[in-house]
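Reader: Could we go through this structure together, beginning with how its elements are defined?

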Amino acid sequence: MPSSTSTGLDNQLDELIDQLSQLPTFSIGRRADNAITVSDGKVSGQHARLIQCTPTTFVLEDLSSKNGTFVNGVRITRKVVDKQDSIQLAGTTFTIAQLLDMKQVAPSTPATPAFTKEFSKEPPAHQTSLDFTSQFAELQRVFEQYPKLRKNCRNREKMIRTGSVILSSVIGISTALSSSNGSATPVLQLMSSAGLSMLVPTLCSTLLSTEEKLEVIDKEYREQYRCPNPSCRDPFSGREWEVLALQKTCRRCQAIWVN
Ligand SMILES: [Zn+2]
C-alpha cells in the first residue's frame with residue numbers, strides 16, 4: 001500500500017541499490033600496481049580484469065594483452081566465468097580462487113569486495129532427517145523471481161524498482177536501510193539469503209551487458225533451483241515449483257519437500 005512515507009523510503013532504497021551496483025573490479029597484470037599481480041614475464045603489465053558479479057561468478061576481460069587470456073583453452077576478450085573455469089594468462093593457468101588469493105591488501109582501495117562470502121558458503125548444518133520443507137518453501141521465491149529478473153534486467157530503472165520491491169518484501173525496508181550504515185556488505189549478506197534477489201545490484205550494474213546479465217541470472221538460477229538436500233542437489237530446471245510441491249518428495253533422494 002503506497003503512502004507518502006513509504007515513497008521516501010523507496011527512494012532511499014533506490015539509492016542504496018544504485019550504490020550497490022558499483023561492482024568490485026580487480027585489475028590483473030605483471031605490474032605491481034594491479035590488484036592482482038602475476039609475476040610471469042609473458043603476462044602484460046596490465047593484462048586483464050575481473051568484475052565480481054556474485055560471490056562465485058565473475059566477468060573476465062582481456063585488456064588487449066600481448067599473449068592473451070584464455071578460458072578453458074579458448075582465447076577470450078570477455079567472458080562470464082566461475083570457480084570451475086580454468087583461466088590462463090599468457091603461459092600460466094589459474095582458477096578464480098587462486099587469482100583472488102593473490103589479491104593485494106591495498107588499504108587505498110575503498111571497494112573491499114562487497115561480497116565477503118567468496119566461496120565460503122558455510123556448509124549446510126548437519127541434517128539428520130530428510131525434512132527439507134523450509135528450504136523447499138524458499139525455492140518458490142527463486143522460481144518466481146527468475147522470469148521477472150530476466151525480463152527487467154534490460155531496463156536499469158525498472159530493475160532498480162524491482163530490486164527495491166524485492167528487497168523491501170524480503171528483508172524489510174527499515175532493515176535494509178538501517179543495516180546498510182554506509183557499507184554495502186551487510187545488505188548483500190542479507191540479500192544472499194534471499195534467493196535470486198542477491199543478483200539485483202549486479203543486474204543494475206552498468207559494467208555488464210544485457211547478455212552477461214542474463215547469463216549470470218541463468219547460472220545462479222541453475223545453482224539455487226535444485227533439490228535442497230545437499231547430498232542430492234537434483235536440478236529442477238524448468239519444472240514449476242507448484243508441480244514439485246504437489247509431488248511432495250524427491251524421487252531421487254526421498255527428501256521431504258512438503259509435509
Ligand atoms: Zn533430492
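Author: Helices (H or I, at least four residues) and strands (E, at least two) are DSSP runs, numbered from the N terminus. Residues are numbered from 1 along each chain as its sequence is written. This is a predicted model, in which local features need pLDDT of at least 70 and side-chain atom pairs count only at pLDDT 80 or more, while totals for chains, interfaces and linings use all residues.

Reader: Where is S237 found?

Author: S237 is found in the loop between α8 and α9 (241-247). S237 has a positive phi of about 35 degrees although it is not a glycine. Most residues other than glycine have a negative phi.

Reader: Is S237 buried or exposed?

Author: S237 is exposed, with 9 other C-beta atoms within 10 Å. A residue is buried if 20 or more other C-beta atoms lie within 10 Å of its own, exposed if 12 or fewer, and partly exposed in between, with C-beta atoms placed from the backbone.

Reader: And what is the phi of Q254?

Author: Q254, which is not a glycine either, has a positive phi of about 70 degrees. Q254 lies in the segment after α9 and is exposed, with 10 other C-beta atoms within 10 Å.

Reader: Turning to helix packing, at what angle do α3 and α8 pack?

Author: Helix α3 (residues 133-152) and helix α8 (residues 210-224) pack at an angle of about 175 degrees, with their axes 10 Å apart. Axes are lines fitted to C-alpha atoms, for helices over the stretch in contact, and angles run from 0 to 180 degrees between N-to-C directions. The two helices, α3 and α8, are therefore roughly antiparallel to each other; angles under 35 degrees count as roughly parallel, over 145 as roughly antiparallel, 65 to 115 as roughly perpendicular and the rest as oblique.

Reader: Which residues make that contact?

Author: On α3 they are V142, Y146, L149 and R150, and on α8 they are L214, I217, Y221 and Q224. Two residues are in contact if their C-beta atoms, placed from the backbone, lie within 7 Å.

Reader: Which residues of α8 are buried?

Author: They are E212, K213, V216, I217, E220 and Y221. The buried residues of α8 pack against β4 (57-62), β7 (78-82), α3 and α7 (200-204).

Reader: How do α3 and α4 cross?

Author: The axes of α3 and helix α4 (residues 156-170) come within 9 Å and cross at roughly 155 degrees, and α3 and α4 are therefore roughly antiparallel to each other.
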